[in-house]
Amino acid sequence: MIPFGSDKKWSGVQFSDGSCYVMGTAQFVLGDDYERVGSQVERLAADTRLLLIARVQGFDELGSLQGSPQPLGFVGIRDQIRPTATETIAYFKDQGVRVLVISGDDSHTVSGIAAKVGVEGAERFVDATTLKTESDVERALVCDSVFGRVRPEQKKQFVLALQKAGHTVAMTGDGVNDTLALKAADCSIAMVSGSDAARNVAQLVLVDSDFASMPKVVAEGRRSINNLQRSASLFLVKTLLSIAAALLFIAAPWQYPFQPIQMTLISAFTIGILSFVLALEPNRERIRGRFLGNVIVRSIPGAVCSVCCILVANVVGYYLMGLDYEQVSALCVLLTSWIGCNLVVRLSMPFTAIRSALLVVVVGGIAGTCLLMPNVFCIAPFTPGMWMLYIIVAAIFAVAFHALDLKLETLHAVRIRESE
């Protein structure tokens, strides 16, 4: 018995009467004599895995063929395409994900199956045995989508070449031949019905062995990351505000305007409740850019405008209006909360029923708490002059917040497009 090998792509057997037979890929079994059956192979391999059975004289000590193989017939194995395969491929196409099919089977067969499930560019197939150098692989990956006769080490080479070109690569496989590529990929997915080696190196194992589960996996991942980015930006606004205000009031001649109970009020309604709801909300928006960069860009406008509001309230309140500490503190609390509400509006776009209700809870909670429990949160009664100052400063910095946010988002989007 000569076991099957991914390098020679055939297996052999010798019977007690001395007769020897091989079964495997026609190109590898026949070698230079492949033209004898080439037309038949191309016709039959359109959607069928094709194995050639041939009689040989024997095998040498190294397990190589002796003599000229005599073809006897073909064994065709047709894959059962899952009903959900076409829908799954279409989903990734709509999401801007490029789907490549990399297989050890005949490239004609792989191309035929890929075309049936809707892989874009399935007619452009390549026999990987013709790719001799790294540059050949890189050029093929740019133009073609289906690759057949791919060796295990070539699968890894394909993954590395895609990563070198700046792509994030997800690799799906279930066999031992896929382990090298799975380990090299940014995201590796294996089937529970696959080999132990594939499952051990994969980051994700589909327990139902159905690739149709991947859209749900992608949706869950996007929900987690997108919502975490929005929640992190809320917490970072408070962090940047606290650091900047602390440094400012160390040098300024005024007392720090916030008391701990007031920061609890601001945090509860502009961070705590909001981040809790947003973390559980479905979000299938495509992830673009880097996590830290996205969070910082969303946080800067809120932090900058909050600090500026506090500074204006202290300067005008103490020097122009003659307000005391409690009154200036109340102004700072409400102005900071106002900027927080604008941040809520920005993060809630586009509005849904849940997000609209959340905005009502945030605004109503802050207003109701300040009106019903002013003594608890040390909110001094507002005079007509304080209301006028509050309205003017709130209007100015609401416009400034959205203008700064729009400018940073535009610059950030341009940077992301250039990096892609």
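Biologist: Where does Cys378 sit?
Modeller: Cys378 is in the loop between helix 13 and helix 14. Keep in mind that this is a predicted model.
Biologist: And what is phi there?
Modeller: Cys378 has a positive phi, about 55°, although the residue is not a glycine. Most residues other than glycine have a negative phi.
Biologist: Is Cys378 buried, exposed or partly exposed?
Modeller: Cys378 counts as partly exposed, because its relative accessibility is 27% and that class runs between 20% and 50%.
Biologist: Which other residue has a positive phi without being glycine?
Modeller: Ser209 is one, with phi near 55°. Ser209 lies in the loop between strand 12 (204-206) and helix 9. With a relative accessibility of 11%, Ser209 counts as buried.
Biologist: Let's zoom out. How many helices and strands are there in the chain?
Modeller: The chain has 14 helices and twelve strands.
Biologist: What about the overall dimensions?
Modeller: Along the principal axes, the C-alpha atoms fill a box of roughly 110 × 35 × 35 Å. The radius of gyration is 33 Å, whereas a compact globule of 420 residues would have one near 22 Å.
Biologist: How much of the chain is buried?
Modeller: Of the 420 residues, 43% count as buried. The accessible surface of the chain is about 21,900 Å², and 62% of that belongs to carbon and sulfur atoms.
Biologist: And what share of the contacts is between residues 24 or more positions apart?
Modeller: That share is 61%, taken over the contacts with a separation of 6 or more.
Biologist: Now the core. Which residues touch the most other members of the largest nonpolar core?
Modeller: Those are Phe258, Leu331, Leu335, Phe382 and Tyr390, in a core of 50 residues. The elements that give two or more residues to this core are helix 9 (214-251), helix 10 (260-280), helix 11 (291-320), helix 12 (325-348), helix 13 (353-372) and helix 14.
Biologist: Which helix gives the most?
Modeller: Helix 12 does, with twelve residues. Apart from this core lies another one, of 22 residues, among them Phe158, Val159, Ala181 and Leu182.
Biologist: Back to Phe258. What does Phe258 touch?
Modeller: Leaving out residues up to four places away in sequence, Phe258 touches Met263, Ile266, Ile310, Tyr325, Cys332, Val333 and Thr336. Phe258 is buried, with a relative accessible area of 6%.
Biologist: You mentioned Met263. Where is that one?
Modeller: Met263 is in helix 10, and the residue is buried at 15% relative accessible area. Beyond its neighbours within four places in sequence, Met263 is in contact with Lys238, Ser242 and Phe258.
Biologist: Why is the pair of Phe15 and Tyr21 called edge-to-face?
Modeller: Because the planes are at 70°, and an angle over 60 degrees counts as edge-to-face. Phe15 is partly exposed, with a relative accessible area of 45%, and Tyr21 is partly exposed too, at 22%.
Biologist: And the pair of Tyr256 and Phe258?
Modeller: Tyr256 and Phe258 also pair edge-to-face, 5.9 Å centre to centre with 70° between the planes. Tyr256 is partly exposed, with a relative accessible area of 30%, while Phe258 is buried at 6%.
Biologist: Which residues do ring pairs link into a cluster?
Modeller: The cluster is made up of Phe249, Trp254, Tyr256, Phe258 and Tyr319.
Biologist: Last one: which ring does the charged end of Lys9 sit over?
Modeller: The charged end of Lys9 sits over the ring of Phe28, 6.0 Å from the ring centre.

Key: Residues numbered from 1 in each chain as written. Predicted model: local features only at pLDDT ≥ 70, side-chain atom pairs only at ≥ 80, totals over all residues. Heavy atoms only, no water. Phe/Tyr/Trp six-rings, centres within 6.5 Å; stacked < 30°, edge-to-face > 60°. Buried < 20%, exposed > 50% of the residue type's maximum accessible area, 1.4 Å probe, protein only. Lys NZ or Arg CZ within 6 Å of the ring centre and 35° of its normal. Helix = DSSP H or I, 4+ residues; strand = E, 2+ residues; numbered from the N terminus. Rg over C-alpha atoms; globule rule 2.2 N^0.38 Å. Contact = heavy atoms within 4.5 Å. Areas by Shrake-Rupley, 256 points an atom, 1.4 Å probe, with all protein chains shown as cover. Core = buried A, V, L, I, M, F, W, Y, C linked by side-chain atoms within 4.5 Å.
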